[in-house]
Amino acid sequence: MKESLLITIPPDSEISPSEWLRINQFLHEINKVNSPCVSVYYPYGKGQEIVSLLEETKRDQSIEEIETRIEEKIQQLKNQPSSVGKFTKTLCIFGWIQNGKVTLKEMGTSKKLPYIYMLSKKPFLKPFIDILKINHSVLLVTLDQKSARIQKFFGDQITDEASMRIDLQGRHKKGGQSQGRFLRARQTKIHVFYKKIARKVREMSVGSELILLGGNGQAKTEFFSELDSDLSQKCRFAENLSFSTTLSDIYQKIIHHLYQHRKKHVEEMLAKYEQLVKDGLTERRNEIIFGALKIGAVDTLIVSANYYSEPQFKKIMSMMETAKETSATIEFVSSPKIIQRLEIDNSVLAILRYKIK
C-alpha cells in the first residue's frame, strides 16, 4: 500500500480558464521529464529563503550543479519579475540534467502554493494537480434523446472522443400503428440508445475521476438511471451544457466540478482520520511521524501549507521529501478550518498503516 501525504493551503478563488489552460500546457511538457529533478516553489519576493535552504543542504555533485543554477535563476527573476507575469504570487522552478547539461524550466502562477523544496525522481507537480486542478482526467457526456458526444479530457486536452446517434421520428403521423404503440416503440428505441451510450461511457471512463453529464432537455436524467453504481458515483450534472457550449465554457465547468470533487475528497479523508483515532492509527507528534515515515508506517500525512511559519518548517520539508522517496502519494487540500486545527499540532497530522507503539 502506498503512503499518501496531504497538505492544506489557504483557500482561494477558482483558477481562471485561461490560466488553467496555460498551466496545463506547461505541465504536459514538463511531465515528459524522466530524470532526477529539483523542484522549488516559493512566494514572489521570498526567493532568498529558498536560496538559503539550497545552500545549506548538501547533495551529490550533479544535484549541486542544478541547485546552483536554480539559485542564479531566483536572482534573475528577482531582478526581472516581469518575465514571469505581473500578477504572480508563486514562482516555480524545476531543474534536471539533460544530455549532460542542467536544464531549467520556470513558471509563475497568480495562485498561492505552499513552499516546496524537493528532490525527486521526476518533477514534483502535485501542488498544481491538487490545488489548481491541473492534469485531471474527466469524461464529459453531452446528450439528448437522439445524439450523444463523449469526450475524455486530460487537463485541457481531449484524449478520446466518440459520437453516437439514432434516427428518431419526432411525432406520430396519422395511419399505421396506434399512438400508444408508436410512443412505446419510440421509448424502447431511446432506452436501447441510452444503454449503448452507457457501455461506451463505461469503456471510456477508465482512469477518469469525474463524469460530467449535460445536454438540453431530460435526456441526461433519463440516461443517469442506466449507469451502474460505480459510474453513477463519479457523475455530476453540468448545468447549461449543450452541444454548442464553447471550449472555454467547458473548461470553466470542469474546473468548478473538480474543486467540488476535491472538497468532498478532503472531507472524507478527515472523517477517516477521526474514525481511526480510537484505534491508535493516528499520530500528531512530528518526531514520531517522521520516524514512522522512515519505516513506511504512514498512510496519510496531513500538513498545513502554513507550515513555513512553524519553527520546525525545515523538518517538515524533510518529512515531505522522505514521504516522496518512499513512493508516497502526496495530496494537497485547502481548508481554513483544517489549517486552524493543524496550528495546534505543529502543522502535521498522520494516519498510520499500523500501530507503531
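Leaving aside its neighbours within four places in sequence, which residues is N24 in contact with?

Reply: Apart from neighbours within four places in sequence, N24 is in contact with I134, N135, G155 and D156, where contact means heavy atoms within 4.5 Å. The model is predicted, so that local features need pLDDT of at least 70 and side-chain atom pairs count only at pLDDT 80 or more, while totals for chains, interfaces and linings use all residues. Residues are numbered from 1 along each chain as its sequence is written, and side-chain values use heavy atoms, with hydrogens and water left out.

N24 belongs to helix α1 (residues 17–30). Helices (H or I, at least four residues) and strands (E, at least two) are DSSP runs numbered from the N terminus. N24 counts as buried because its relative accessibility is 0%; buried means under 20% relative accessible area, exposed over 50%, and partly exposed in between, with a 1.4 Å probe and protein chains only.

Strand β6 may be considered next. Strand β6 (residues 137–143) is largely enclosed by the rest of the structure, because seven of its seven residues are buried. In a regular strand the side chains alternate between the two faces of the sheet. From β6, S137, L139, V141 and L143 point one way, and V138, L140 and T142 point the other way.

Two strands are paired with β6, a pair requiring that DSSP find at least two bridges between them. Strand β7 (residues 147–154) runs antiparallel to β6 and is joined to it by seven bridges, with F154 of β7 opposite S137. A hairpin of three residues connects β6 to β7. Strand β9 (residues 210–214) runs parallel to β6, with five bridges between them; there, G214 is the bridge partner of T142.

The buried nonpolar residues form cores, a nonpolar core being a set of buried Ala, Val, Leu, Ile, Met, Phe, Trp, Tyr and Cys residues joined through side-chain atoms within 4.5 Å. The largest has 75 residues, of which Y42, I70, F94, F128 and L301 touch the most other members. A second, separate core has 23 residues, including A162, F193, Y194 and I211.

Charged pairs complete the account. Side chains of opposite charge can pair when their charged atoms come close. A salt bridge is taken as a side-chain nitrogen of Lys or Arg within 4 Å of a carboxyl oxygen of Asp or Glu, and the count comes to 15. In one of them K32 is joined to E29, with the closest N and O atoms 3.3 Å apart; K32 counts as exposed because its relative accessibility is 60%.

K272 and D299 form another salt bridge, at 3.5 Å from N to O. This pair links distant parts of the chain, with K272 in helix α8 (residues 247–277) and D299 in strand β12 (residues 298–304), 27 residues apart. K272 is partly exposed at 38% relative accessibility, whereas D299 is buried, with a relative accessible area of 10%.

The side chains of K315 and E287 also meet in a salt bridge, at 2.2 Å from N to O. Here too distant parts of the chain are linked: K315 lies in helix α10 (residues 313–325) and E287 in helix α9 (residues 286–294), 28 residues apart. K315 is partly exposed, with a relative accessible area of 26%, and E287 is exposed, with 54%. Finally, a network of salt bridges links R59, E67 and E321.
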